[in-house]
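Subject: Structure for your review

Hello,

Here is the structure I said I would pass on. My notes on it follow below.

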Amino acid sequence: MSKLKIQNTLENTKEEFIPVDPSNVRIYACGPTVYDYAHIGNARMAVVNDLLVRLLRTLFPKVTYVSNITDIDDKIIEAAQTADIPFQELTLKFEAIYNEDMAALGVHRPDVQPRATDHIAEMIALTKTLVKLGHAYEIKGHVLFHVPSFEKYGCLSGRNRDEQIVGSRVEVAPFKKDPADFILWKPSPDPLPGWDSPWGFGRPGWHLECSAMSEKTLGLPFDIHSGGMDLTFPHHENEIAQTCSAHKKINNPKYFAKYWFHNGFVNVEGEKMSKSIGNIRLVHEMIKEYKGEVLRMTLLSAHYRQPLNWTKGIIKQNSTMLDRLYRTLKDLEHIDAYTNNHALPQNILEGFYDDLNTPKVIAELNILTNKVSKADEEEKSLIKYCLLETGKILGILQQAPREWLGYGQSKNLDEVTIENLIKERNEARRKKNFEMADSIRKKLKESGIEIEDTSNGTTWRSN
RNA sequence: GGCUCGGUGGCAGAGUGGUUAUGUAGGGGCCUGCAAAGCCUUGCACAGCGGUUCGAUUCCGCUCCGAGCCUCCA
C-alpha cells in the first residue's frame, strides 16, 4: 500500500506525509501580492498547490486549504500612487482578476482566502507579544524582530548566519541592532495608507501577515506551509521565527507547520522571468491564445520542484498530448467508464504518491491510451475510468471530448455552408473528380475546418 | 564566500545497480483516391575522470558546466 511522500524543505528530505489531525488536513499557501496581473510563475504555485490539495482530498475526509491575498505592501502603494487611485481599488481589482485567471487554469478557490488588511488587529497583537517576550524592539517608529533571539533561525533554509554575506544584495538599515533583524511594523508618513498602533500610525511588514493569518485560519500547528522556492528565505524563515517565538516554542520550528512545500521557478525561453528583461508571461494574456487546460498541462509536465522552461514548443507539445488523450476519450465515448473499481492502477498512484511525480503519472496515461487499440470492452471501460479519475486529480480531461477537439464547431464559417461544401465534395468524390474534391477540402482548411473521412461518413472539426 | 538543486536521446521529461520510461519530432510500413485521425515498426541517451561492484546512467569522490537563494522576487 503506497503512502504519500512529499519533499519537506524543513528536513531537506522526502518524508511520508502524516497529518497532525487526519480528520482535518490543513494547508497554507503564500498567495499573491495583488498589484498587477498574475504571471505564469504565480500560476505554477497555484496549480501545484491545487494539485496537492486535490490529491490530499482523495486520501483524507477533510482538507482545509488557505491561501492569502497580500493587499498591503510597498509595491501596492507604489502602483496605486502611479495609477492615482486608492490602494484598495487596485488590490480589489487585481484580486478579482487573479481569481478569474486561476479559475481559467482549473484552480479551485481556496477554502479561505484571507486578506492582510482584514487582519491588522491580529498582526498588531502578534507584534505586541513579540515585543513583550523580548523578541522584538521598537526604534524610530519601527518594530523589528531581533533575529539572534531565535536560535533556530536558518533551520528551514539550511543557512548558518555566520557564513552568509550580510546585506549582499540589500543595504542594511542603520538602526538595526543586528543586520538580520527584519521589520514587523513600520511607520506610514502622512499620505501613505496605515493603521493606528501602539507604535504610531503605520503598516505591517510583509512576513507578519502570514504568521497572523495562518494561525487565525488554521490553528497551530498545521500540516503544510507552501509557496514558491524563493520564499524559503527569508520569508518563511521569518514566519517561523515570529510564530514560534510568540508561542515560546523557540526550539520547535514544527510547532508552526510540519511540512514545508516549495515549488520551483518558471523560466522563459531559457532566461529568468523578470520585468527588466521584459519577458513576463501573464496568465491573463496567455489564456487568450491557449486553452487554460493546455497551460495547466504544461505546468504539470515537469516535476513541481524542477525549473520549468516556458517556451512555445512545450506548450505545443502539451497541447498535442492533451488532444491525443481527449481523442482516446472520444474513441471511448460509447463505452461506460468502469464503476466497480475505485482504485487507480498502482503505477499511477505511485506517481502521485512519490512527491507528486506528474510526468510519471502523465506517462502512465499515455501508456493506457496505447493499450486501447488492443483492449476488449471491459479493458476499455477501465481505461476510460482511469483517464477520467486521474484527470480529476490532475485537473484535466473533464471536458466533453468532441467539444475539446472542435467537432461541429467553426469560427469562420456557418454550419450550413460547411455541410453544403462537404456534400459537394462527396458528390465530386463519387464522380471521381478528385481535383474538385481536394480543392473544396483545401478551401475548408483555409477557413480552419479539418475534414475527416471515416467509415461512418465525413466529419469536420475546427482546427 | 555560504546554502540548495541540476547536467539523460533533435526537443520535452521520468526513472533505475543488470531488463522498452513516456510524449514529441525524424525513418519505414499499414489504412486512405488524397488527406486527417489511427495502427504497426525503427534510429537516437544517460557531462568528464577515477573508485566501489561480477556489473553503474543509477552509489561514492573529484573535475567541468549550469541554475536559484544569501533580507520583502512565485
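D355 counts as buried, since its relative accessibility of 1% lies under the 20% cut-off. The model is a predicted one, and that applies to everything in this message.

D355 sits in the loop between helix 10 (346–353) and helix 11 (358–371). K432 is another residue other than glycine with a positive phi, in this case near 60 degrees. Its loop runs between helix 14 (415–430) and helix 15 (434–446). Buried or exposed, then, for K432? K432 counts as exposed, because its relative accessibility of 62% is over the 50% cut-off. As background, most residues other than glycine have a negative phi, and most peptide bonds are trans.

The bond from L220 to P221 is cis, with omega near -15 degrees; P221 belongs to the loop between helix 5 (206–218) and strand 9 (222–228). F233 and P234 are also joined by a cis peptide bond, with omega about 0 degrees, and P234 is found in helix 6 (residues 232–246).

Five bridges connect strand 3 (residues 25–29) with strand 4 in the parallel sense, and R26 has T64 of strand 4 as its bridge partner.

An open sheet of four strands has the order 5-6-7-8, and here the pairing is antiparallel. Strand 5 (136–139) and strand 8 (202–204) are at the edges with a single partner strand each, so one side of each has no neighbour in the sheet. The twist averages 20 degrees from one strand to the next. Strand 5 and strand 6 (residues 142–145) run antiparallel and are joined by four bridges; I139 stands opposite H142 in strand 6. Helix 4 (residues 120–132) packs on this sheet and touches strand 5, strand 6, strand 7 (182–187) and strand 8. The direction of helix 4 makes about 120 degrees with that of strand 7.

The cavity

How many cavities of 30 Å³ or more does the structure hold? There is one, and the largest cavity has a volume of about 30 Å³. Its lining consists of V48, L51, L299, L300, A302, Y304, L356 and T358. By type, these lining residues divide into seven nonpolar, one polar and no charged. Helix 1 (40–59) and helix 8 (292–300) each supply at least two residues of the lining.

Regards

Conventions
Residues are numbered from 1 along each chain as its sequence is written. Chains are lettered from A and ligands numbered from 1 in the order in which they are written. This is a predicted model: local features need pLDDT of at least 70, side-chain atom pairs count only at pLDDT 80 or more; totals for chains, interfaces and linings use all residues. Side-chain values use heavy atoms; hydrogens and water are left out. Two strands pair if DSSP finds at least two bridges between them. Axes are lines fitted to C-alpha atoms, for helices over the stretch in contact, and angles run from 0 to 180 degrees between N-to-C directions. Contact means heavy atoms within 4.5 Å. Buried means under 20% relative accessible area, exposed over 50%, partly exposed in between (1.4 Å probe, protein chains only). On a 1 Å grid over the protein atoms alone, a cavity is a set of points where a 1.4 Å probe fits but cannot get out, and a pocket is an open set with protein on both sides within 12 Å along at least five of seven lines; lining residues have an atom within 4 Å of a point. Grid points are joined across faces, edges and corners, and a volume is the space filled by probe spheres set on the points. Ala, Val, Leu, Ile, Met, Phe, Trp, Tyr, Cys and Pro count as nonpolar, Asp, Glu, Lys and Arg as charged, and the others, Gly among them, as polar.
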